[in-house]
Structures are given as C-alpha cells and as structure tokens.
Amino acid sequence: MRAELARRGADKSVIEPAVSGALDADDREAALETARRLLGKGSCKPDRLARQLDRKGFSRRAILHALRELGPDLEVPAES
C-alpha cells in the first residue's frame with residue numbers, strides 16, 4: 001500500500017498515518033503467505049523475492065522473516 005500510494009504521488013507525511021491504521025502491525029505472516037504464493041509460480045533467487053515483497057509494501061522485518069522461513073525452498077546460487 002505504501003509503495004502504491006507513493007507511486008501515485010501521495011505525500012510521504014500522509015502515507016504512514018493513512019496506512020498504519022489499515023494494516024496489521026505485524027505483517028510477517030502475510031509476507032510469508034505471499035512469498036509462498038510467489039514461489040508456487042516457480043523458484044526464484046532470494047534477492048528477487050525480496051524485491052517482489054518490497055514492491056508489495058511489506059516491511060523489511062516481514063521480508064527477512066519470509067526469507068528465513070523459506071530459505072531451503074529458494075533457489076540459491078552456488079558459491080564459486
């Protein structure tokens with residue numbers, strides 16, 4: 001929601017008060033559910049999944065939670 005409001009030109013000082021009442025204080029489970037849905041469409045790298053969740057407006061805390069929970073299910077490039 002935050003990202004969409006910003007994209008549409010809403011003033012940053014208005015976005016947070018407007019969104020804070022509309023969203024759950026803890027968006028970790030919603031981020032995890034969304035990440036699972038996105039992974040259901042095919043595996044992706046952690047950085048891509050994080051960007052997708054960020055574009056959807058999830059908090060950084062929620063994104064990190066989802067990445068930690070889904071770590072084994074993500075396509076992680078082998079280190080060279």
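Does Ala-35 fall among the residues that count as buried or exposed, and at what relative accessibility? In this predicted model, in which local features need pLDDT of at least 70 and side-chain atom pairs count only at pLDDT 80 or more, totals for chains, interfaces and linings use all residues. Residues are numbered from 1 along each chain as its sequence is written, and side-chain values use heavy atoms, with hydrogens and water left out. Ala-35 counts as buried because its relative accessibility is 0%, where buried means under 20% relative accessible area, exposed over 50%, and partly exposed in between (1.4 Å probe, protein chains only).

The secondary structure of the chain consists of five helices and zero strands, helices (H or I, at least four residues) and strands (E, at least two) being DSSP runs numbered from the N terminus. Of the 80 residues of the chain, 29% count as buried.

In soluble globular proteins, nonpolar side chains tend to be buried together.

Three salt bridges are counted, each defined by a side-chain nitrogen of Lys or Arg within 4 Å of a carboxyl oxygen of Asp or Glu. Glu-4 forms one with Arg-7, with the closest N and O atoms 2.7 Å apart, and another with Arg-8, for which the corresponding distance is 2.5 Å. Glu-4 and Arg-7 both lie in helix α1 (residues 2-7), three residues apart, or about one turn of the helix. Glu-4 is partly exposed at 31% relative accessibility, whereas Arg-7 is exposed at 61% and Arg-8 is exposed at 65%. In helix α4, Arg-51 and Asp-47 are four residues apart, about one turn of the helix, and their side chains meet in a salt bridge (3.6 Å, N to O). Salt bridges that share partners join Glu-4, Arg-7 and Arg-8 into one network.

On the surface, Arg-37, Lys-41, Arg-48, Arg-55 and Lys-56 gather in a patch of positive charge. Patches are made of residues with over 30% relative accessible area and no salt bridge, like charges being joined within 9 Å and nonpolar side chains (Val, Leu, Ile, Met, Phe, Trp, Tyr) within 5 Å. Arg-55, one of the patch residues, is placed in helix α4 (residues 46-55) and counts as exposed at 56% relative accessibility.

Terms used: Areas by Shrake-Rupley, 256 points an atom, 1.4 Å probe, with all protein chains shown as cover. Lys, Arg positive; Asp, Glu negative; His and termini not counted. Charge placed at Lys NZ, Arg CZ, Asp CG, Glu CD.
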